[in-house]
Amino acid sequence: QVTLVESGGGLVQSGGSLRLSCAVSGGVLSRSAFWTNRMAWYRQTPGKQREMVASAARDHTTTYAESVKGRFTISRDTAKNTVYLQMNSLKPEDTAVYYCNSNPPKENFWGQGTQVTVSS
C-alpha cells in the first residue's frame, strides 16, 4: 500500500506563487513500484471532475494542461520520493484542491489533497 500526502497549499493573491509537495510513502517494494509510474498533479473544484494539470515520467519528461503551460512546473525527487508542483503567476481560476497520484491514477491511493485559493 502507498500513501500520498500533499502539502504546501494556501491563500495567495493573484500573480503570486506556491510550491506544492507530494510525499510518497509505504513499504519499500510498494513505494518503489509506484514510483516507476508517470506521476501527476490533479485538481478539482466543487461540482467539476478532477483534471490533470501536469505529469512527469521517470526520465523527467513532462506534460502540462494548456491552462497552466508556462506557469506551472512539475518535478520529482527520487531520493526523497517526493513530487513537486511550482505554481507561478497564479490566477483565481487556479483555485482548487490539488492532488497527486500516478498517471493514470490508482483509485485507492488518492490522498486528502491540499487547498489552493487565489484571490483576485
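**View 1. Four strands form an open antiparallel sheet in the order 1-3-8-7.** Strands are DSSP runs of E, at least two residues long, numbered from the N terminus. Two strands pair if DSSP finds at least two bridges between them. Strand 1 (2-7) and strand 7 (72-77) stand at the edges; each has a single partner strand, so one side of each lacks a neighbour in the sheet. From one strand to the next, the twist averages 15°. This is a predicted model: local features need pLDDT of at least 70, side-chain atom pairs count only at pLDDT 80 or more, and totals for chains, interfaces and linings use all residues.

**View 2. Strand 1 pairs with strand 3 in the antiparallel sense.** Six bridges join strand 1 and strand 3. Thr-3 stands opposite Ser-25 in strand 3.

**View 3. Helix 1 (residues 28-35) packs on the sheet.** Helices are DSSP runs of H or I, at least four residues long. Helix 1 touches strand 1, strand 3, strand 7 and strand 8 (82-87), where contact means heavy atoms within 4.5 Å. The direction of helix 1 makes about 135° with that of strand 3. Axes are lines fitted to C-alpha atoms, for helices over the stretch in contact; angles run from 0 to 180 degrees between N-to-C directions.

**View 4. Cys-22 and Cys-100 form a disulfide.** Their sulfur atoms lie 1.7 Å apart; a disulfide is a pair of cysteine sulfur atoms within 2.5 Å. The pair links distant parts of the chain, 78 residues apart: Cys-22 is in strand 3 (residues 18-26), Cys-100 in strand 9 (residues 96-102). A search of the whole structure finds one disulfide. Residues are numbered from 1 along each chain as its sequence is written, and side-chain values use heavy atoms, leaving out hydrogens and water.
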